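Please study the sequence and the structure before reading each solution.

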Amino acid sequence: MSDDHITEPAASHGGHDAHAHEGPNVTAYLVVFSALCVFTILSFLANAALGRGAIAGFIIIMGIALCKAALVIAYFMHLIVDWRKVYFLIVPALVLGPMLVIVLWPDIVLAWRPVWE
Amino acid sequence: MAHAHTISAEQPKHMGLPLSNGKLAMWLFLVTEIMFFTGLIGTYIILRNGSRAWPSPHEVHLVEWMGALNTFVLICSSLTVVLAHSAIAQGDVKKTSMYIAVTLVLGCVFMGIKAVEYNAKFSHDILPGHIGDGLQGPAGIVYLDRVRGQLEEITKSKDDIKGKAECAGLLKKLPNLTPAALGKEVKELLEKHEDLHLTPAIDSGNIWASCYFAMTGFHACHVLGGLVIFVIILVLAMRNKLGVQHTSMIELTGLYWHFVDIVWIFLFPLLYLV
């Protein structure tokens, strides 16, 4: 009689993940922290130098925000290790988010609207 | 009869995801939070780009360096919470408690700075529905009446209020002013005397205030939730009940806190910079 040996992965037992501290070490965290501080200063300086409303400033500042978010997600949230385990949860939200804005853009931003005389 | 014992070449099969239940649950929750904040931030982007004019940070008493300071505070707190996780995984409960305490303090600093910013809005009447905008329409009559009442109160007051004479002058001119012209006069008066209790006239001011308080208010509620969890962890530590068995709990708390940090990473440039 064949016996398919089915095992529970260690990860699903209790609350303690078997790979509780795989991934970045303290040095990596400190490097990422320094990078985040530098990026924050850069976005503040870009705003001061380029002024509010400038397209170049907008692109630089939001690009910096995306880089900061990516660093936090990858290293602090350990997604650099866990991405393959959770991508199916995160990707739909990342698609739906911009879709919300794109769907509303034509009616609210681009449409003709009355101007008070 | 002895059975031949074969060595199976098959890989053992696993049930479920290679992820703890807690982590899966936390990521599911964070995805719902992504959608929640995407709704708020997406709405802000749409409304801002759909408006003819949008208040500058100066008009609505937003101070960029305070926002940058708050960003730095949250980044530091993200570092300390991830170091706390690193420490508990190595069984160092004392270090973990220290890092969690520092994270709690930084979170409180963030809330303190937010309170100062909110006070600036309240004291200058930058509140949804209170700001004079769309003055060319029917709202202009309401604005006129409101400002008249405020000017009368200032001029009748026995306190030594800076700008009282200018308010008296504006009150005399008021019957001959359109709401839009009154808005301009009030704006100039507030530039000179910031502390006057006059409703400012700011184009798209009310929608700005609604978006600002909705986004930062919900974010602050999330920060508060995180602070409560840190207090619970510290209470566990004080009762000598915190141990390596709590590694997962601290990791999941960290995930939540990093998400709160990421939301602010986007809120700061959208509200203060661009």
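**Exercise 1.** What area is buried between chain A and chain B, and what percentage of this area do carbon and sulfur atoms give?

*Solution.* The model is predicted. The area buried between the two chains is about 5400 Å². Carbon and sulfur atoms give 75% of that area. In terms of residues, 55 of chain A are in contact with 65 of chain B.

**Exercise 2.** Identify the salt bridge between chain A and chain B.

*Solution.* The count of salt bridges between the chains is 1. Its partners are D82(A) and K23(B), whose closest N and O atoms are 2.5 Å apart. This distance lies within the 4 Å cut-off, so the pair qualifies as a salt bridge.

**Exercise 3.** Which elements of chain A supply at least two residues each to the side that touches chain B?

*Solution.* The elements are β1 (6–7), α1 (26–50), α2 (55–76) and α3 (79–110) of chain A. Of these, α3(A) gives the most, with 16 residues. Sorted by class, this side of chain A has 36 nonpolar, 11 polar and 8 charged residues.

**Exercise 4.** Describe the largest pocket and its lining.

*Solution.* Begin with the volume, which is about 1300 Å³. Next, consider the lining: it consists of 38 residues, and M62(A), L66(A), I41(B), I45(B) and F266(B) lie nearest the centre of the pocket. Then assign the elements: α2 and α3 of chain A, with α1 (21–50) and α8 (247–273) of chain B, each supply at least two lining residues. The most come from α1(B), with 12 residues. Finally, the lining divides into 30 nonpolar, 5 polar and 3 charged residues.

Definitions and conventions. Residues numbered from 1 in each chain as written. Chains lettered and ligands numbered in written order. Predicted model: local features only at pLDDT ≥ 70, side-chain atom pairs only at ≥ 80, totals over all residues. Heavy atoms only, no water. Contact = heavy atoms within 4.5 Å. Buried area = accessible area lost by both parts, 1.4 Å probe. Salt bridge = Lys/Arg side-chain N within 4 Å of Asp/Glu carboxyl O. Helix = DSSP H or I, 4+ residues; strand = E, 2+ residues; numbered from the N terminus. Nonpolar A, V, L, I, M, F, W, Y, C, P; charged D, E, K, R; others polar. 1 Å grid on protein atoms, 1.4 Å probe; cavity = no way out; pocket = protein on both sides within 12 Å on 5 of 7 lines; lining within 4 Å. Points joined across faces, edges and corners; volume = space filled by probe spheres on them.
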